[in-house]
Amino acid sequence: MKKHFVKEYENTLTVNHKGKVVNQVIYKGDYYCSSKEEKKELLSLSVLFIGIMLIAFFINGCVSSQSSNVLYIALPYVAYFLPFVYMIMGIYRLMKNPLKMEKIQKEHSYDRILRCSIGILVLSVLGVLGSIIYLVTNKQIIHILTEVRFLCLNAIIGMVSFLLLRYVSKSRKKLQIEARTKK
């Protein structure tokens with residue numbers, strides 16, 4: 001558990017059913033609540049958007065463009081892998097989270113998907129800019145259709161990531177903060 005989550009929990013000594021004194025960790029922070037419909041809609045859109053981005057990513061990998069051999073285009077393309085995996089982990093966590101989430105659960109689902117969308121958007125912008133630079137500087141020696149397809153697929157990944165970013169940020173704002181009830 002990260003250090004900034006330590007403040008959200010409290011250790012208390014309790015007696016269990018066997019009569020032993022045990023250390024029990026109790027959450028004392030606020031809860032983040034969402035409705036079942038909002039969670040289901042976010043989950044389905046997240047799966048749809050990550051699916052579109054992964055399909056575009058794999059098609060881009062199958063396109064044998066000359067620009068994919070250039071470092072300033074290949075590096076952002078290869079780096080897509082990390083935010084994709086991290087986003088899939090966030091979507092999985094979102095699926096497993098209850099409707100009344102603790103702070104750590106919210107950060108591992110909503111915030112993770114949001115950060116990954118930003119990362120994918122930045123990488124796609126870098127890939128598109130790199131492809132444009134490559135197209136402009138090597139226009140005599142390249143197969144233009146293949147290079148434009150590579151550029152368009154990178155742009156599609158960026159646009160879908162931007163749409164997901166907007167939707168997740170709206171969903172995060174809709175989360176209702178509920179203070180923990182004292183026992």
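These legends accompany several views of one protein chain, shown as a predicted model.

**Figure 1. The whole chain, from end to end.** Let's start with the overall picture: the protein chain has five helices and five strands. Starting at the N terminus, its elements follow the order β-β-β-α-α-α-β-α-α-β. The C-alpha atoms fill a box of roughly 80 × 30 × 25 Å along the principal axes. The radius of gyration is 22 Å, while a compact globule of 183 residues would have one near 16 Å. Of the 183 residues, 42% count as buried. Take the contacts between residues at least 6 apart in sequence: 72% of these join residues at least 24 apart.

**Figure 2. A salt bridge between Glu178 and Lys100.** Side chains of opposite charge can pair when their charged atoms come close. The structure holds three salt bridges, and here Glu178 pairs with Lys100, their closest N and O atoms being 2.9 Å apart. Glu178 belongs to strand S5 (residues 176-178) and Lys100 to strand S4 (residues 100-101), so this pair ties together parts that are 78 residues apart in sequence. Glu178 is partly exposed, at 32% relative accessible area, and Lys100 is partly exposed too, at 40%.

**Figure 3. A network of salt bridges around Asp111.** Which residues are linked in this network? They are Lys106, Asp111 and Arg172. Asp111 meets Lys106 at 3.1 Å, N to O, and also forms a salt bridge with Arg172, where the closest N and O atoms are 2.7 Å apart. Asp111 sits in helix H4 (residues 103-137) and Arg172 in helix H5 (residues 144-174), so their pairing ties together parts that are 61 residues apart in sequence. Are Lys106 and Asp111 buried or exposed? Both are buried, with Asp111 at 9% relative accessibility. Arg172, at 32%, counts as partly exposed.

**Figure 4. Lys39, a buried charge without a salt bridge.** Now look at Lys39, which is found in helix H1 (residues 36-62). Lys39 is buried yet has no salt bridge. How far away is the nearest side chain of opposite charge? That side chain is Glu38, and it is 11 Å away. Leaving aside residues up to four places away in sequence, Lys39 touches Ser34, Leu94, Met95, Asn97, Pro98 and Leu99.

**Figure 5. A nonpolar patch on the surface.** Phe81, Leu82, Val85, Tyr86 and Met89 make up this patch, and together they have about 470 Å² of accessible area. Phe81 lies in helix H3 (residues 81-96).

Terms used
Residues numbered from 1 in each chain as written. Predicted model: local features only at pLDDT ≥ 70, side-chain atom pairs only at ≥ 80, totals over all residues. Heavy atoms only, no water. Patch = residues over 30% accessible without salt bridge, like charges linked within 9 Å, V, L, I, M, F, W, Y side chains within 5 Å. Areas by Shrake-Rupley, 256 points an atom, 1.4 Å probe, with all protein chains shown as cover. Salt bridge = Lys/Arg side-chain N within 4 Å of Asp/Glu carboxyl O. Helix = DSSP H or I, 4+ residues; strand = E, 2+ residues; numbered from the N terminus. Buried < 20%, exposed > 50% of the residue type's maximum accessible area, 1.4 Å probe, protein only. Lys, Arg positive; Asp, Glu negative; His and termini not counted. Contact = heavy atoms within 4.5 Å. Rg over C-alpha atoms; globule rule 2.2 N^0.38 Å.
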